Amino acid sequence: MSSTWQGTAKTSVRRLVAERTKVLAGATAVLLVLGVIGLLADEYDLVLFCILLLQAAIAGYLVTAPAPQVSTASTDVQAAVDQASTRTLSDISRARQSILDAIAELDAKAK
């Protein structure tokens, strides 16, 4: 029974990796909607959780990226993509820290 479960899990993971762009787009859409709902409902834990999951989805997308081609032009493009990805993750990290700071301020004012 566990081998069937493992086979199903492996097949699902392979399919997710093969369709990683669609998975990232879907995950982004779902997490954005949940984050906005959490923000409107003043559920900052949900907002923070959505940000963390989105950051994990982006990191997973980058980790499963195919190996770069050997040509010089491709290497330059890959370097530019890597820099943009690094900036994006850095921006998300700063946004997450800003949200944590805002939550801490709201908690301090509430006490």
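Which helices each supply at least two residues of the lining of the largest pocket? They are helix 2, helix 3 (44–63) and helix 4 (72–110).

A few ground rules. This is a predicted model, where local features need pLDDT of at least 70 and side-chain atom pairs count only at pLDDT 80 or more, while totals for chains, interfaces and linings use all residues. Residues are numbered from 1 along each chain as its sequence is written, and side-chain values use heavy atoms, with hydrogens and water left out.

**Stop one: the whole chain**

Show the protein chain as a cartoon. You'll find 4 helices and 0 strands (helices are DSSP runs of H or I with at least four residues, strands are runs of E with at least two, and both are numbered from the N terminus). The chain's radius of gyration is 18 Å, well over the 13 Å that the globule rule gives for 111 residues, so the chain is more spread out than a compact globule. That radius is taken over C-alpha atoms, and the globule rule is 2.2 Å times the number of residues to the power 0.38. Of the 111 residues, 13% count as buried (buried means under 20% relative accessible area, exposed over 50%, partly exposed in between, with a 1.4 Å probe and protein chains only).

**Stop two: helix 2**

Select residues 20–40. Helix 2 has 21 residues and reaches 30 Å from its first C-alpha to its last, close to the 30 Å expected at 1.5 Å a residue (the expected span is 1.5 Å times one less than the number of residues). Now colour Arg20, Leu24, Leu31, Gly35 and Gly38, which are buried in this helix. They cover an arc of only 60 degrees around the axis, which puts them on the same side of helix 2; the arc is that of the directions from the helix axis to the C-beta atoms.

**Stop three: the loop**

Step on to Asp42, in the loop between helix 2 and helix 3. Asp42 has a positive phi of about 55 degrees although it is not a glycine.

**Stop four: helix 3**

Next, select 44–63. Helix 3 has 20 residues and reaches 28 Å from its first C-alpha to its last. Its buried residues are Val47, Leu48, Cys50, Ile51, Gln55 and Ile58. They cover an arc of only 160 degrees around the axis, which puts them on the same side of helix 3. The face turned away carries the exposed Asp45 and Val63.

**Stop five: the pocket**

Select Leu31, Leu32, Gly35, Ile51 and Leu54: of the 14 residues lining the largest pocket, these lie nearest its centre. On a 1 Å grid over the protein atoms alone, a pocket is an open set of points where a 1.4 Å probe fits, with protein on both sides within 12 Å along at least five of seven lines; lining residues have an atom within 4 Å of a point. The largest share of the lining, 6 residues, comes from helix 2.

**Last stop: helix 4**

Finish on Asp91, which lies in helix 4. Asp91 is partly exposed, with a relative accessible area of 42%. Draw a distance from its C-alpha to that of Leu106, 15 residues apart along the chain, and you'll read 22 Å.
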